[in-house]
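User: Please take one part of this model and look at it closely. Then set that part in the context of the rest of the chain.

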Amino acid sequence: MTVTIVEEARPVTCRTAITGGVDTHADTHVAAALDPVGGLLSVEEFPATAAGYARLLGWLGGFGTVCLVGIEGTGSYGAGLARHITAAGIRVVEVDRSDRQDRRRQGKSDPLDAVSAARAAQSGRARGAPKGRDGAVEAIRTLMVARRSAAGERTRTINQARALVLTGPDDLRARFARHKPAALITGLAALRPRPGDVAGHATRIALRELGRRAQFPAASSSAWTSSSSHW
């Protein structure tokens, strides 16, 4: 899909060094192509898919030799595109945001942001290396997401169990009220509720399930520790 160009495009007269700029989004990316002196050649929109990345790079290459691409959000929406272009042997730089003066003068628009990204890269204002989403650092980051989630769920479960203990039968309160988290989880998971008082029986069943639930994040955390030791 062709989008509105924010300034008059220049005709392509020869195979020249091209600078690209990309404004990235979840579903589509808008790209701009500049000639060696900063003249705008064209602006185009592409889907944020592997096929779209290939089309975008092929489109830039249609104007000349692509030597540099400035991409907004290489650590988020632009991660896949940055990897694709880098794998093609083309230098990628991280562009933080569009020029604020351009925004005030012309308002927010994806074509303008793409052109601004290209100009920031071409002028050298954008020099940052793209945020890599591969290798050991990325592997540890993804494992940390799971670990933090497991730790948070475990804490919530323990708090729920303590609340039930405090309001539960006297024997449960006397047995578990002063337990530290590890001992509390182990003790609750080992409960063997026997039929009797309806409320007391239900409380013991609930506490046993909470104890067993809290053991699962602990196992996930151990698995993370084992996996992360490889990096």
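Analyst: Aspartate 170 is exposed, with a relative accessible area of 54%; here buried means under 20%, exposed over 50% and partly exposed in between, with a 1.4 Å probe and only protein chains considered. The model is predicted, local features need pLDDT of at least 70, side-chain atom pairs count only at pLDDT 80 or more, and totals for chains, interfaces and linings use all residues. Residues are numbered from 1 along each chain as its sequence is written, and side-chain values use heavy atoms, with hydrogens and water left out.

Aspartate 170 forms a salt bridge with arginine 173, in which the closest N and O atoms are 2.4 Å apart. The term stands for a side-chain nitrogen of Lys or Arg within 4 Å of a carboxyl oxygen of Asp or Glu. Both residues belong to helix α6 (residues 170-176), where their spacing of three residues separates them by about one helical turn. Helices (H or I, at least four residues) and strands (E, at least two) are DSSP runs numbered from the N terminus. Arginine 173 is partly exposed, at a relative accessible area of 30%.

A salt bridge also connects aspartate 171 with arginine 204, again at 2.4 Å from N to O. Aspartate 171 lies in α6 and arginine 204 in helix α8, so this pair ties together parts that are 33 residues apart in sequence. Arginine 204 counts as buried, at 19% relative accessibility, whereas aspartate 171 is partly exposed at 43%.

Helix α8 spans residues 198-228 and contains alanine 202. Alanine 202 is partly exposed, with a relative accessible area of 43%. From glycine 168, alanine 202 is 34 residues away in sequence and 10.0 Å away in space, C-alpha to C-alpha.

Glutamate 209 is partly exposed at 35% relative accessible area, and arginine 212 is partly exposed at 38%. Salt bridges with shared partners join Arg208, Glu209 and Arg212 into one network. The whole structure has five salt bridges.

Now the rest of the chain. The protein has eight helices and five strands, in the sequence pattern β-β-β-α-β-α-β-α-α-α-α-α-α. Of its 231 residues, 41% count as buried.

The strands form an open sheet in the order β3-β2-β1-β4-β5, with mixed pairing; two strands pair if DSSP finds at least two bridges between them. Its edge strands, each pairing on one side only, are β3 (40-47) and β5 (91-95). Neighbouring strands are turned by 25° against each other on average, direction ignored; axes are lines fitted to C-alpha atoms, for helices over the stretch in contact, and angles run from 0 to 180 degrees between N-to-C directions.

Six of the seven residues of β2 are buried, so the strand is largely enclosed by the rest of the structure. On the parallel side, seven bridges join β1 (residues 16-24) to β4 (residues 64-72), and valine 22 has isoleucine 71 of β4 as its bridge partner.

Helix α1 (residues 50-61) packs on this sheet, touching β1, β2 (28-34), β3 and β4, and its direction makes about 170° with that of β3. Contact here means heavy atoms within 4.5 Å. Helix α4 (residues 110-123) lies across β1, β2, β3, β4 and β5, at about 130° to β1. In helix α2 (residues 79-87), the buried residues are Ala79, Gly80, Leu81, Ala82 and Ile85; they pack against β1, β2, α1, β4 and β5. Just after α2, glycine 89 has a positive phi of about 85°.
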